[in-house]
Amino acid sequence: MKELFGKMKNGDDIYKYSIENGEYSLNVLTLGATIQSLKVPNSKGEIVDVVLGYKTAEEYLNCSTYYGMCVGRVANRIKGAKFTLNNVEYKIENNEGENSLHSGYSSFCFKNWKSQELLINDNPALKFSVKSYDGEGGFPGNVEVTCTYILTKDGQVVINYEGITDKDTIMNLTNHSYFNLGGDYQKTILDHKLQLDSDKYVEVDETAIPTGNILSTKKTAFDFNVFHTLGERINQIPGGYDHTVCFSRYTGQLSKVGDFRCDRSKINMEILTTMPSLQLYSGNFISQNDINKDGSKGIKNGGVCFETQFLPDSPNHDNFQSIELKSDEKYQHTTIYKFSTY
Ligand code: GLA
């Protein structure tokens with residue numbers, strides 16, 4: 001099902017698609033292939049919307065929260081908004097001081113994607129596709145990207161990313177959903193519990209740019225190998241969690257990397273991915289100007305992001321895994337958020 005959601009600045013229509021499967025339902029916008037709502041049952045059987053979202057297209061078009069959006073070509077930060085590939089230096093958009101965050105204003109998240117409703121193995125699915133031309137935002141290569149959401153009866157939101165380019169380029173896509181499993185947007189996620197199979201994290205400087213060091217999580221507030229609440233040690237980290245943590249058992253294959261849960265709703269969310277790391281971002285910059293879709297005001301730590309991705313600023317660090325996408329390769333990644341109750 002689709003309905004008109006709003007307009008792009010050029011007047012194009014933005015649609016909101018809705019799919020459901022059993023007790024689960026998902027709304028995705030053509031703008032940014034954005035997850036606008038995700039409803040799952042709590043332990044009492046009540047339906048809870050577990051992601052933050054806005055009510056209007058204008059808010060999405062002007063936001064700096066990236067609520068639920070598909071971010072690309074390259075998620076997170078690139079120092080000095082430049083990188084070198086095949087001996088050519090490329091200058092991309094700087095939108096955070098000198099640095100680039102989430103690829104600037106030409107990010108895929110601010111584009112109106114083409115859409116298609118599908119059935120994949122009997123599950124409702126939404127396939128979004130977008131093109132970006134050679135040189136757009138400063139990146140080389142004409143690229144075509146698809147982002148497909150599949151909703152299964154057993155509570156999985158499967159996100160499949162695919163991309164091709166006609167010239168060597170770089171690519172690192174993510175989904176920027178903010179989860180709040182309590183469903184009460186006036187309560188923070190600091191009482192939610194997190195477990196992550198991660199033994200390392202990426203050290204960053206005061207501008208959130210990687211120093212190049214990848215450090216052990218042992219005895220730090222980044223060690224979530226056993227469950228901890230997000231609030232327990234957050235004060236040990238100036239500004240809150242906004243760091244990349246690396247998975248201990250990364251193989252490139254789809255595997256479970258952690259669980260996130262809320263004792264109030266007793267909703268558990270498993271995280272599975274093919275990617276090597278995620279940006280753990282505790283919604284530190286959400287402000288009261290971010291009006292929630294239920295009309296309430298946004299609060300700091302009102303949601304948390306698990307942005308599965310490759311390491312930030314990878315092209316500028318030889319010791320980070322490359323995010324280069326060659327012209328004869330296909331970018332292909334999957335992340336799954338799986339909901340259940342306990
Ligand atoms: C990413 C960044 C954060 C913040 C959010 C958007 O997660 O790491 O610092 O910019 O996006 O608000």
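Predicted model: local features only at pLDDT ≥ 70, side-chain atom pairs only at ≥ 80, totals over all residues.
Some ground rules: residues are numbered from 1 along each chain as its sequence is written.

**Exercise 1. Work out whether Asn 123 is buried or exposed, and list what it touches.**

Step 1. Asn 123 belongs to strand S12 (residues 123-132).

Step 2. Its relative accessible area is 17%, so Asn 123 is buried.

Step 3. Contact means heavy atoms within 4.5 Å. Not counting residues up to four places away in sequence, Asn 123 touches Asn 21, Leu 118, Ile 150, Leu 151, Thr 152 and Lys 153.

Step 4. With Asn 21, there's also a side-chain to side-chain polar contact of 3.1 Å. A polar contact is a pair of N or O atoms within 3.5 Å; within protein, one must be able to donate a hydrogen and the other to accept it, and residues adjacent in sequence count only if both atoms are side-chain atoms.

**Exercise 2. Find the cis peptide bond and a side chain that reaches Arg 73.**

Step 1. Look at the step from Gly 72 to Arg 73: that peptide bond is cis, with omega near 5°. Most peptide bonds are trans.

Step 2. Arg 73 is in the loop between strand S6 (70-71) and strand S7 (77-78).

Step 3. A polar atom of the Ser 103 side chain lies 3.4 Å from the backbone nitrogen of Arg 73.

Step 4. Ser 103 itself is in the loop between strand S10 (100-101) and S11. With 3% relative accessibility, Ser 103 counts as buried. Leaving aside neighbours within four places in sequence, its contacts are Gly 72, Arg 73, Val 74, Glu 93 and Phe 139.

**Exercise 3. Trace the polar contacts made by the side chain of Asn 142.**

Step 1. Asn 142 is in the loop between S12 and S13. It is partly exposed, with a relative accessible area of 37%.

Step 2. Its side chain reaches the backbone nitrogen of Asp 134 at 2.9 Å. A 2.7 Å polar contact also joins the side chains of Asn 142 and Asp 166.

Step 3. Setting aside neighbours within four places in sequence, Asn 142 is in contact with residues including Ser 132, Tyr 133 and Ile 164.

**Exercise 4. Describe what surrounds the ligand.**

Step 1. There are 14 residues around the ligand, and Ser 64, Arg 77, His 176, Asp 242 and Glu 307 come nearest. A residue is near a molecule or strand if one of its heavy atoms lies within 4 Å of it.

Step 2. Sort the shell by class: 5 nonpolar, 6 polar and 3 charged residues. Here Ala, Val, Leu, Ile, Met, Phe, Trp, Tyr, Cys and Pro count as nonpolar, Asp, Glu, Lys and Arg as charged, and the others, Gly among them, as polar.

Step 3. Go through the ligand's oxygen atoms. One is 2.6 Å from an N or O atom in the Arg 77 side chain. An oxygen is also 2.7 Å from an N or O atom in the side chain of Glu 307.

**Exercise 5. Pick out the residues that touch the most other members of the largest nonpolar core.**

Step 1. A nonpolar core is a set of buried Ala, Val, Leu, Ile, Met, Phe, Trp, Tyr and Cys residues joined through side-chain atoms within 4.5 Å.

Step 2. The largest one has 69 residues, and Leu 38, Phe 179, Phe 306 and Phe 339 touch the most other members.

Step 3. Strand S13 (residues 143-151) gives this core its largest share, 5 residues.

Methods: Heavy atoms only, no water. Buried < 20%, exposed > 50% of the residue type's maximum accessible area, 1.4 Å probe, protein only. Helix = DSSP H or I, 4+ residues; strand = E, 2+ residues; numbered from the N terminus.
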